Number of protein chains: 2
Amino acid sequence: MNRQDIVRDPEASSSKTDLRLWLRLLKVQRRIEGRLRERLRDEFNSTLPRFDVLAALSSAEEGLRMSELSGILKVSNGNVTGIVDRLVADGYVIRSPVDNDRRATRVCLTGAGKQYFDVLAIAHEGWLSDLLARFDIGEKKILSPMLDRLNTDLVTMTEQDN
Amino acid sequence: MNRQDIVRDPEASSSKTDLRLWLRLLKVQRRIEGRLRERLRDEFNSTLPRFDVLAALSSAEEGLRMSELSGILKVSNGNVTGIVDRLVADGYVIRSPVDNDRRATRVCLTGAGKQYFDVLAIAHEGWLSDLLARFDIGEKKILSPMLDRLNTDLVTMTEQDN
């Protein structure tokens with residue numbers, strides 16, 4: 001777009017700003033996610049969807065139903081059944097029946113699973129610190145509340161639509 | 001984490017800040033992407049990977065090789081061959097042989113494909129404007145250069161590693 005377009009059509013130029021902002025956000029997110037993916041693979045022979053399953057289970061005291069895990073994994077495109085099968089075989093999670101619902105299964109971390117996730121989570125936190133190291137604390141303090149507000153706006157919008 | 005932990009271990013508290021910043025960024029990105037995905041499906045019976053293929057082709061005058069398209073789509077988890085097959089059937093792209101390389105195929109937008117993508121791109125830009133509407137221009141002006149610098153840092157890091 002050249003200067004003339006901006007002068008002629010201020011509406012268009014503001015939506016171009018939004019588009020560029022989104023593309024920047026997407027680039028940052030994809031780069032960081034790509035790096036985390038590489039590190040999980042290289043250092044733990046693991047994957048992001050597997051990490052996401054473990055993270056979800058680690059903050060669910062009572063475990064999670066397979067359907068809840070599927071919901072969480074929808075975004076990371078993982079195959080929940082395959083991931084859980086593998087984690088069961090590794091001794092990191094167990095499947096148990098759900099009371100009053102014969103068709104449902106609950107998945108919980110074992111003690112070994114909790115220890116394993118603790119190691120992964122510490123490494124993951126360290127990688128992020130490295131990736132964001134040159135981003136100074138002042139910038140982080142500005143960015144965090146902005147992202148929070150954007151998040152709140154997006155949730156409100158989604159609720160209005162549904 | 002309570003205050004005492006922060007006082008005792010400033011390192012840990014700073015890496016927690018990074019982790020939280022990343023989770024915020026991820027939430028915003030996933031929410032926006034989820035909305036774009038819904039709109040593409042509901043209003044155009046289309047998908048994000050298909051949109052990404054069209055977007056990549058629309059900025060490549062000479063078209064792209066299938067291998068280049070695969071690289072672009074790696075992040076959005078799309079099946080390039082399936083998407084291109086469908087776009088060929090719809091008359092939006094054509095495949096042609098690459099000079100001096102009998103095994104390679106180049107993919108280009110047709111005139112109809114260009115028109116179709118223009119319509120999608122205008123809608124996509126409008127959805128983003130709606131999604132970012134309550135984020136004021138001052139905030140966007142702060143956020144954009146921050147994301148740019150973070151992006152540059154991440155690229156430099158990746159290059160150092162490789």
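In the predicted model, strand 2 of chain B is joined by 6 bridges to strand 3 (residues 101-109) of chain B, and the two run antiparallel. Within this pairing, B:S96 has B:R106 of strand 3 as its bridge partner. The strands belong to an open sheet of 3 strands in chain B, with the order 1-3-2 and antiparallel pairing. Strand 1 (64-65) and strand 2 (93-98) of chain B each have a single partner strand and stand at the edges, so one side of each lacks a neighbour in the sheet.

Chain A likewise contains an open sheet of 3 strands, in the order 1-3-2 and with antiparallel pairing. The edges are formed by strand 1 (64-65) and strand 2 (93-98) of chain A; each has a single partner strand, so one side of each is left without a neighbour in the sheet. Strand 1 of chain A pairs with strand 3 (residues 101-109) of chain A over 2 bridges, in the antiparallel sense. In this pair, A:R106 of strand 3 is the bridge partner of A:R65. Helix 3 of chain A packs on the sheet and touches strand 1, strand 2 and strand 3 of chain A, its direction making about 95 degrees with that of strand 3. Helix 5 (residues 80-89) of chain A lies across strand 2 and strand 3 of chain A and runs at about 115 degrees to strand 2.

Helix 3 of chain A spans residues 48-58 and includes A:D52. With 18 other C-beta atoms within 10 Å, A:D52 is partly exposed. The C-alpha atoms of A:D52 and A:G113 are 13 Å apart in space, while the two residues are 61 residues apart in sequence.

Overall, chain A has 7 helices and 3 strands, arranged along the sequence in the pattern α-α-α-β-α-α-β-β-α-α. Chain A consists of 162 residues, of which 21% count as buried. Of the contacts in chain A between residues at least 6 apart in sequence, 47% join residues at least 24 apart.

At the interface, 37 residues of chain B are in contact with 37 residues of chain A. On the side of chain B that touches chain A, two or more residues each come from helix 2, helix 6 and helix 7 of chain B. Helix 2 of chain B gives the most to this side, with 15 residues. The residues of this side of chain B comprise 18 nonpolar, 8 polar and 11 charged.

The largest nonpolar core has 24 residues, among which A:V28, A:L131, B:V28 and B:L131 touch the most other members. At least two residues of this core are supplied by each of helix 2 (10-44), helix 6 (111-131) and helix 7 (137-161) of chain A and helix 2 (10-44), helix 6 (111-131) and helix 7 (137-161) of chain B. A second, separate core of 16 residues includes A:V53, A:L64, A:V84 and A:Y116. Apart from its neighbours within four places in sequence, B:V28 is in contact with A:L25, A:L147, A:L150, A:N151 and A:L154.

Note on methods
Residues numbered from 1 in each chain as written. Chains lettered and ligands numbered in written order. Predicted model: local features only at pLDDT ≥ 70, side-chain atom pairs only at ≥ 80, totals over all residues. Helix = DSSP H or I, 4+ residues; strand = E, 2+ residues; numbered from the N terminus. Buried ≥ 20, exposed ≤ 12 C-beta atoms within 10 Å, placed from the backbone. Contact = placed C-beta atoms within 7 Å. Core = buried A, V, L, I, M, F, W, Y, C linked by C-beta atoms within 7 Å. Pairing = 2+ DSSP bridges. Nonpolar A, V, L, I, M, F, W, Y, C, P; charged D, E, K, R; others polar. Axes fitted to C-alpha atoms, helices over the stretch in contact; angles between N-to-C directions.
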